[in-house]
Amino acid sequence: MSHSASSRQPPEPPPQNDLERLMRKAADDPGLHGRVFRMLWDSDLYTYIPDHPEMHGARSLQNGDKLRFTVYEHREGPFIAVFTSEAAAHWAGAHFPSPKPAIARLPAQALFKTVNDGTTWVRINHQLRCGMTLEPEGVDALVQGEYTHSQPPMEKQEMTLHPV
């Protein structure tokens, strides 16, 4: 069966920023992982959000309000899809089921602190070559600063990145 040109997925966008370029290099060089997490922590990230009254001007978010994210399910538990550029979020959006009515841009520190609930996984650049997955413990470790700085080598120290 042949597919029409309109049903083909467009090619993945090229890296849009230094973080995406570094993530591609880090896939082959574990020595760059600490730098990736430091840069990730200091970046603005993009994620899908469900319909919010704030999107329609009904009310504005107030300090302390909890932002809701679009949550997807997989066998290990719920996850949110996070992207390191708007281009990556738009490209990957073709792979995700609805709902995904909007893309929110927010600082990584705010995003990870909000989803650090002990049950939610974060898939960064899901479906792209420069992707990674943080299990709930990894999200907590990032929030606690355990991934964002270099530590002296310790016996049996290891970090595992799971490609998407």
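**Exercise 1.** Which residues of the largest nonpolar core touch the most other members?

*Solution.* Before we dig in: this is a predicted model, where local features need pLDDT of at least 70, side-chain atom pairs count only at pLDDT 80 or more, and totals for chains, interfaces and linings use all residues. Residues are numbered from 1 along each chain as its sequence is written, and side-chain values use heavy atoms, leaving out hydrogens and water.

Step 1: a nonpolar core is a set of buried Ala, Val, Leu, Ile, Met, Phe, Trp, Tyr and Cys residues joined through side-chain atoms within 4.5 Å; buried means under 20% relative accessible area with a 1.4 Å probe, protein chains only.

Step 2: Out of 30 residues, they're Leu40, Phe69, Leu111, Phe112, Val122, Ile124 and Leu134.

**Exercise 2.** Take Phe69 and list what is in contact with it, leaving aside neighbours within four places in sequence.

*Solution.* Contact means heavy atoms within 4.5 Å. That gives Thr47, Tyr48, Ile49, Pro50, Ile80, Leu106, Leu111, Thr114 and Val115.

**Exercise 3.** Work out how strand β5 sits among its partners.

*Solution.* Strands are DSSP runs (E, at least two residues), numbered from the N terminus, and two of them pair if DSSP finds at least two bridges between them.

Step 1: in β5 (residues 121–124), Trp121 and Arg123 point one way, Val122 and Ile124 the other, and all are buried.

Step 2: β3 (residues 77–83) runs parallel to β5, with 4 bridges; here Ala81 stands opposite Arg123.

Step 3: β6 (residues 132–134) is antiparallel to β5, with 3 bridges, and Met132 partners Ile124.

Notes: Buried < 20%, exposed > 50% of the residue type's maximum accessible area, 1.4 Å probe, protein only.
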